[in-house]
Amino acid sequence: MTAGACSRRDFLRASATASAGLTLAFWLEGCGREPVAGGAASAAGPDGRFAPNAFLQVDPRGGVTVIAKHLEMGQGAFTGLATLIAEEMDADWAKVRVVGAPADAAKYANLNWGGAQGTGGSDAMANSYEQMRKAGATARAMLVAAAAQVWDVPAAEITVERGIVKHAGKRLASSFGELVRVAATLPVPAEVTLKDPATFTLIGKDGLPRADLRDKVDGSARFTQDVALEGLLTAVVLHPPRFGGTARRVDAERARAVPGVLHVVEIPTGVAVVATGFWAAKRGRDALAVDWDLSRAEGRGTAALRDEFRALLARPGLPARRDGDAEAGLRGAARTVEATYEVPYLAHAAMEPMNCVVQLGRDRCELWYGAQSHTADQAAVAARLGLAPAQVTINTLYAGGSFGRRAAKGNDYVLEAVEVARAIGGSAPVKLVWTREDDMTAGNFRPMFVHAVRGGLDGAGKPVAWHHRVVGQSVLSDTPFEGFAVKDGIDGASVEGITNLAYAVPAVACELHTPKVGVPVQWWRSVGHTHTAFAVESFIDELAHAAGQDPVAYRQALLEGKPRHLAVLKLAAEKAGWGSRLPAGRARGVAVHESFDSVVAEVAEVSVAGGVPRVHRVVCAVDCGIAINPDVIRAQMEGGIAYGLSAALHGAVTLEDGVVQERNFDRYRCLRIDEMPQVEVHIVPSSAAPTGVGEPGLPPIAPAVCNALFALTGTRVRSLPIRLA
């Protein structure tokens, strides 16, 4: 362990000592073991641990530590979880800190993941909303009960404000810290009353500093690169030039001659060089001479794959949705419209490339990294090493972005780190480091997709039929989700946003082809919605144009049964000044899409200069249920728009003869600061339970921009990234 770090065992042992503080445990249905009767101290389990669902700790100085079951990778999960607890506790926000929970699904399960621990699907707040509020309310009730016992007054006469427990009549007051010793001896209440939302002081309020802000500003935030165990070695891996290749012969003589290089070992994914530091390891890797066996590797390039995908569009696929008779509707339509849309492979390109620290011991394995899929990683590591999952400890650190990548399909970089540590005999802890080039060429990508859409209109321009055929790789096959998310050959992620098409169309058919390709693919920010929204919102715009109707009015008429969609669409259009005059050379486009139970509408204002599009302004309206942290929601909408614009304007991973061509940001362009538009975010007021925020801002931006470009130029953009010349 690094100096000042606290192991999971030490943390829980310290938490068990009533004199040191109060750790609360409570039980919710579906969350693990039953509650233990009695106070927090009597609820301690073996080795000083408390009962399941311990989400907060109060220390004698009144500090509140929230143990976050969700990974903080920049999306604001720490802030949201802490806000829920602090709100119900009436805690002093300045004294609240957050730490990442270790891997322990019995305590920290994602309630939407069937008992598994992990972060994804924009559901951190949605699955934690009631659970975390109950955690805070339970803490508050016990602290109040402690004060009532000490002061010999009725608990009903006690109030709490910013971490101070008060009795106005007797002018008594104590901080949380002064009450923890007594509170720890009290029974945990089986039921607690949650606040009336009308009395919230933190939830829904602007200006609350992010819980991770201080750590990231003063440099105390711990990322994987910050881990410095005694004797730590660094490893880098040389991967095959094509996916599916293997090492036939390795000449490591020159690599071993590099000062600092200690080991050169073959692992299932390539050849690893282990050294005393990163630069020695990288120089050693550069000196390797490897004869690769590429006989079973993927050798097709992007152009060939695209041609194969397009050919599949001519053949019926597996039925994903069939409402009414779309073919008959098309035959009887007064007018038909057809379009084909294409999106490329995309890299996740998170700020922090993949990395992981592993320390092997006798019958145990301990890891440090930004874990996004704790349970899956724990199980995979255990299976690889012949251990039980309980023998694999995961210490959760901050992560510098993910966009889905750290929830690694196949647990790739985590298992790679474990394989390196095992290959050197577990003689020292190992930090695996992927360079940017490794991340771009050896990672998993957002799949390439093609869509063929046909629509039929009646004499008034109203759609009577919609036929949608999709071709692309599955992101859910060969994952733990396959059993319930892939049904009758249909990967639900490939067609989400189409199978639940929001627009009122009498006959809808959706078909799917899922080709097998050797290019590794994985969920990417907003998963299937990243490409289905582009196709759907571009095509509905094409139908509106064919009908000779305004794009906003046309959508509104087809969304009469969708009040949330209508609300965000009207709000975004109003705030953007839809229909008002723009400066010469500018135009607006609109898109509205539901993903992760949230609905987002965006209006983009664009121009073109020298054949290059420029996005000047984006107005976004979002309905995500109750706004726990409005500032975080705005930041996530802004970030999703920026990330989506990067893909729409620049993003593409291309292969030539199976070799990835984009190795770094010189060829895989991201949005630059001078390209960032003015973004306005408007949150629809709601008292409903919270829904997704991290991903829903992304899907509408590409179609909104492309629809604006059509309004400006008269030319449809049906392939991404946008190329006008």
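The structure, a predicted model, holds 41 salt bridges. The model also holds 13 aromatic pairs. The largest nonpolar core has 77 residues, and another core, of 50 residues, lies apart from it.

**Salt bridges**

- Lys195 forms a salt bridge with Asp90, and the closest N and O atoms are 2.7 Å apart. This pair links distant parts of the chain: Lys195 is in the loop between α5 (176-183) and α6, and Asp90 is in the loop between α2 (77-89) and β4 (96-100), 105 residues apart. Both Lys195 and Asp90 are buried.
- Glu327 forms a salt bridge with Arg454, again with the closest N and O atoms 2.7 Å apart. Here helix α10 (residues 326-331) supplies Glu327 and strand β19 (residues 449-457) supplies Arg454, so that distant parts of the chain, 127 residues apart, are linked. Glu327 is partly exposed, with a relative accessible area of 29%, and Arg454 is partly exposed too, at 24%.
- Arg422 forms a salt bridge with Glu419, the closest N and O atoms being 3.2 Å apart. Both residues lie in helix α12, three residues apart, which is about one turn of the helix. Arg422 is partly exposed, with a relative accessible area of 37%, whereas Glu419 is buried at 10%.

**Aromatic rings**

- Among the 13 aromatic pairs is that of Phe223 and Tyr398, which counts as tilted because its ring planes are at 35°; the ring centres are 5.7 Å apart. The pair links distant parts of the chain, 175 residues apart: Phe223 is in the loop between α6 (213-218) and β8 (233-238), and Tyr398 is in the loop between β17 (392-396) and α12 (412-423).
- Phe223 is partly exposed, with a relative accessible area of 22%, while Tyr398, at 8%, counts as buried.
- Trp113, Phe481, Phe484 and Trp523 are linked into a cluster by ring pairs.

**Charges over rings**

- Arg446 has its charged end over the ring of Trp524, 5.5 Å from the ring centre.
- Arg716 has its charged end over the ring of Phe710, 3.6 Å from the ring centre.

- In soluble globular proteins, nonpolar side chains tend to be buried together.
- In the largest core, of 77 residues, the members that touch the most others are Trp466, Tyr503, Val705 and Ile722. Helix α16 (residues 529-546) gives the most to this core, with eight residues.
- Val705 touches Ala604, Val606, Val615, Leu645 and Ile722, leaving aside residues up to four places away in sequence.
- The separate core of 50 residues has Val66, Ala68, Ala101 and Leu208 among its members.

**Helix α11**

- Helix α11 (residues 374-385) has twelve residues and reaches 16 Å from its first C-alpha to its last, close to the 16 Å expected at 1.5 Å a residue.
- The buried residues of α11 are His374, Asp377, Gln378, Ala380, Val381, Ala382 and Leu385. These buried residues pack against β15 (355-361), β16 (364-369), β17 and α12.
- Just after α11, Gly386 takes a positive phi of about 75°.

Definitions and conventions
Residues numbered from 1 in each chain as written. Predicted model: local features only at pLDDT ≥ 70, side-chain atom pairs only at ≥ 80, totals over all residues. Heavy atoms only, no water. Phe/Tyr/Trp six-rings, centres within 6.5 Å; stacked < 30°, edge-to-face > 60°. Helix = DSSP H or I, 4+ residues; strand = E, 2+ residues; numbered from the N terminus. Buried < 20%, exposed > 50% of the residue type's maximum accessible area, 1.4 Å probe, protein only. Lys NZ or Arg CZ within 6 Å of the ring centre and 35° of its normal. Core = buried A, V, L, I, M, F, W, Y, C linked by side-chain atoms within 4.5 Å. Contact = heavy atoms within 4.5 Å. Expected span 1.5 Å × (residues − 1). Salt bridge = Lys/Arg side-chain N within 4 Å of Asp/Glu carboxyl O.
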